[in-house]
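Hello,

Here is the structure for your files. My notes on its packing and inner space follow.

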Amino acid sequence: MSHVLLLRLAAPLQSWGVASHFAPRRESHGRPTKSAVIGMCAAALGLPRETQAEEAEASQEGRGAGRTLFGELVRTVFAVRADHPGMPVRDYQTVGAGRYPLRPRDVITDHRRAAAVSASLDEATGDWFGDHRLSGWYGAPKKIAADPVSGALVSGELHRSALITERWYLADATFLVALQHEDQQFLQSVGAALERPRRLLWLGRKSCPPSGTLHLGVVPGDAETAFRTRALLPGPEDASDGGRRLWAWFQVPPTKHGAIPVRDQPVGFHALGPEHTTRWEVRRRITLDPNPIEWEEIIP
């Protein structure tokens with residue numbers, strides 16, 4: 001018999017990326033991705049990034065086939081119900097250019113900075129460092145290498161025009177996520193870890209921590225039944241309409257009629273970059289039961 005772990009994903013801002021590389025425009029998916037949710041569960045459990053889905057030897061916990069905890073997370077059947085879809089908002093940012101304030105160690109560790117600000121340093125008087133700035137100076141954090149003169153780690157890109165970027169988020173959104181698995185005890189351990197995580201959790205990006213209750217319990221059955229029989233989660237909108245029809249997305253086998261491919265099935269979360277493969281899902285309308293099961297003690 002299968003069981004379902006129910007999660008509440010709500011926050012002032014969420015952002016569910018479909019591409020991880022840096023780009024001037026960073027979109028947000030309209031709903032949580034399986035990769036992000038599984039990554040959040042793995043972080044709560046304290047799993048290292050190098051964890052594989054399967055081990056060479058059989059698992060000591062008796063799960064068979066040598067699967068790890070991460071492998072069991074990947075095996076879960078994913079579904080999400082959009083109780084409050086939220087509103088897309090844009091964050092306007094600029095990177096680079098401007099005036100760069102210097103610290104004493106910036107001059108000591110990088111002879112290029114010292115040469116560029118030497119005139120200002122020579123004119124300064126007194127026994128304190130003072131305020132010295134460089135115009136148009138930019139230190140790219142991803143282009144760090146040892147300097148051939150000083151040996152210190154310095155930036156490989158020093159000057160560039162200001163880069164205008166856009167970051168898109170979902171504001172005031174609330175989602176009900178289901179992870180379906182046959183092992184009830186395993187799901188309960190994941191839910192308990194999410195309430196007492198070993199690592200920090202966020203909803204897509206580090207600037208989007210979850211708010212309030214995450215773990216809503218483990219229930220028997222499948223995700224669609226759980227979605228239909230559970231009341232609308234509280235949110236910024238009026239949640240009193242128990243007969244409201246909601247959109248939900250369900251992971252299904254690729255042979256299911258109407259299934260579409262989604263490339264967010266996690267393979268690994270290595271430090272050099274995550275790996276994903278394709279899973280399949282369908283979108284359905286969910287009509288809540290006339291007397292749905294109400295939620296209790298949800299911290300907003």
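The largest nonpolar core holds 38 residues. A nonpolar core here is a set of buried Ala, Val, Leu, Ile, Met, Phe, Trp, Tyr and Cys residues joined through side-chain atoms within 4.5 Å; buried means under 20% relative accessible area with a 1.4 Å probe, protein chains only. Those with the most contacts inside this core are Leu-9, Val-37, Leu-73, Phe-175, Leu-179, Val-190 and Leu-194. Two or more residues each come from strands S1 (3–14), S3 (77–84) and S9 (163–181), and from helices H1 (34–45), H2 (69–75) and H6 (184–195). H1 gives the largest share, eight residues. Helices (H or I, at least four residues) and strands (E, at least two) are DSSP runs, numbered from the N terminus.

This is a predicted model: local features need pLDDT of at least 70, side-chain atom pairs count only at pLDDT 80 or more, and totals for chains, interfaces and linings use all residues. Residues are numbered from 1 along each chain as its sequence is written, and side-chain values use heavy atoms, leaving out hydrogens and water.

Leu-194 touches Leu-7, Met-40, Cys-41, Ala-44, Leu-201 and Leu-214 (heavy atoms within 4.5 Å), not counting residues up to four places away in sequence. A second, separate core has 20 residues, among them Leu-233, Val-252, Trp-295 and Ile-298.

S3, strand S12 (260–270) and strand S13 (273–287) each give two or more residues to its lining (an atom within 4 Å of a point).

Best wishes

Key
Buried < 20%, exposed > 50% of the residue type's maximum accessible area, 1.4 Å probe, protein only.
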